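Here is a short briefing to read with the model open beside you.

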Amino acid sequence: MSTPLGTKAEPDALPPELDAISRRLVAARVAAEALPGFPGALPDSLDGAYAIQTASIARWGDAVGGWKIGMIPADDQLRADDERLAGPIFKSSIVGIESGGTRTMPIYAGGFAAVEAEFILELGCAVQPSAKEYSNADLAALVSSLFVGAEIASSPMAAINELGPAGVISDFGNNAGLLLGPAVANWRSGNLDSLTAKVMIDGAVAGAAAANAVPGGPLAALRFLLGLAARRDIELPEGTLISTGAVTGIHGVSVSSAARVDFGSFGWFDVKFKPKRQSGSMPN
């Protein structure tokens with residue numbers, strides 16, 4: 001029986017060393033405390049990293065509202081045997097923002113933090129785990145809306161991206177929030193490659209690119225997620241949001257930073273940052 005993305009389930013039985021990693025990563029996020037490094041030996045496969053992630057989702061105490069997709073650096077793709085990775089976006093960390101608006105988002109002080117311009121897909125129907133091969137037309141038919149927005153990438157581990165994909169996957173894919181901006185009107189009839197994004201940090205341009213800067217564009221990220229969900233036997237509910245990849249790159253920020261994310265005619269918004277605070281009690 002498949003597990004709906006967004007439901008809380010008991011983690012599958014893990015080897016003790018992987019279970020201990022899950023507990024420590026979740027505890028650090030709950031306590032909003034920096035970790036000096038990965039709390040244990042890195043998993044020797046992406047399957048092991050996703051097993052840690054699944055156990056941590058079950059411990060987190062919040063429903064999953066979406067999924068972030070990120071590219072695996074080219075040097076790591078052969079070892080990882082994949083070009084993308086995924087991590088959960090929890091419902092309480094999804095924040096709506098209008099064009100011209102400003103939001104202050106929490107990040108892990110002493111850890112890693114970045115802002116990433118993203119195009120965000122919303123599923124218009126539930127998708128069951130399936131080995132189906134999806135054409136671009138099939139993928140587009142599953143999508144109800146396309147939004148502009150930004151992922152807030154943050155982790156208690158300052159060097160998380162240096163750990164490689166297994167480390168990133170283990171810690172919720174390095175996700176700490178999602179800003180959901182304006183919808184892109186008539187996106188089905190337009191050329192997705194013509195969509196552009198620019199990120200400015202403290203008034204300076206940090207990156208600018210078109211949607212095709214992410215290989216295959218937004219629909220390729222959805223195709224990857226459907227394949228991963230099928231392998232992990234996960235149902236994707238209607239309304240699931242898919243943050244499809246950093247269009248202009250990964251732009252480091254701190255609590256003193258001010259960012260502007262600009263999608264041209266589709267709107268812009270400003271992002272400020274604050275330290276995350278301890279939330280709730282330590283997980284079991």
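Phenylalanine 119 and phenylalanine 263 are both buried (buried means under 20% relative accessible area, exposed over 50% and partly exposed in between, with a 1.4 Å probe and protein chains only). This is a predicted model, in which local features need pLDDT of at least 70 and side-chain atom pairs count only at pLDDT 80 or more, while totals for chains, interfaces and linings use all residues. Residues are numbered from 1 along each chain as its sequence is written, and side-chain values use heavy atoms, with hydrogens and water left out.

**Aromatic pairs**

- The whole structure holds 5 aromatic pairs (ring centres of Phe, Tyr or Trp, with the six-membered ring for Trp, within 6.5 Å; planes under 30 degrees apart are stacked, over 60 edge-to-face, the rest tilted).
- Tryptophan 60 and phenylalanine 90 make a tilted pair, 5.7 Å centre to centre with 35° between the planes.
- This pair ties together parts 30 residues apart in sequence, because tryptophan 60 lies in helix α2 (residues 46-60) and phenylalanine 90 in strand β3 (residues 84-90) (helices, H or I with at least four residues, and strands, E with at least two, are DSSP runs numbered from the N terminus).
- Tryptophan 60 counts as partly exposed at 22% relative accessibility, whereas phenylalanine 90, at 6%, counts as buried.
- Phenylalanine 119 and phenylalanine 263 pair edge-to-face, at 5.4 Å centre to centre and 65° between the planes.
- One aromatic cluster is formed by Trp60, Phe90 and Phe172.

**A charge over a ring**

- Arginine 260 places its charged end over the ring of tryptophan 268, 3.9 Å from the ring centre (the criterion is NZ of Lys or CZ of Arg within 6 Å of the centre and within 35 degrees of the ring normal).

**Nonpolar core**

- The largest nonpolar core has 79 residues, and Val115, Val261 and Val271 touch the most other members (a core is a set of buried Ala, Val, Leu, Ile, Met, Phe, Trp, Tyr and Cys residues joined through side-chain atoms within 4.5 Å).
- A second, separate core of 6 residues includes Ile89, Phe147, Leu178 and Leu180.

**Helix α6**

- Helix α6 (residues 217-231) is mostly covered, with 11 of its 15 residues buried; among them are Leu219, Phe224 and Leu228.
- Just after α6, aspartate 233 adopts a positive phi of about 60°.
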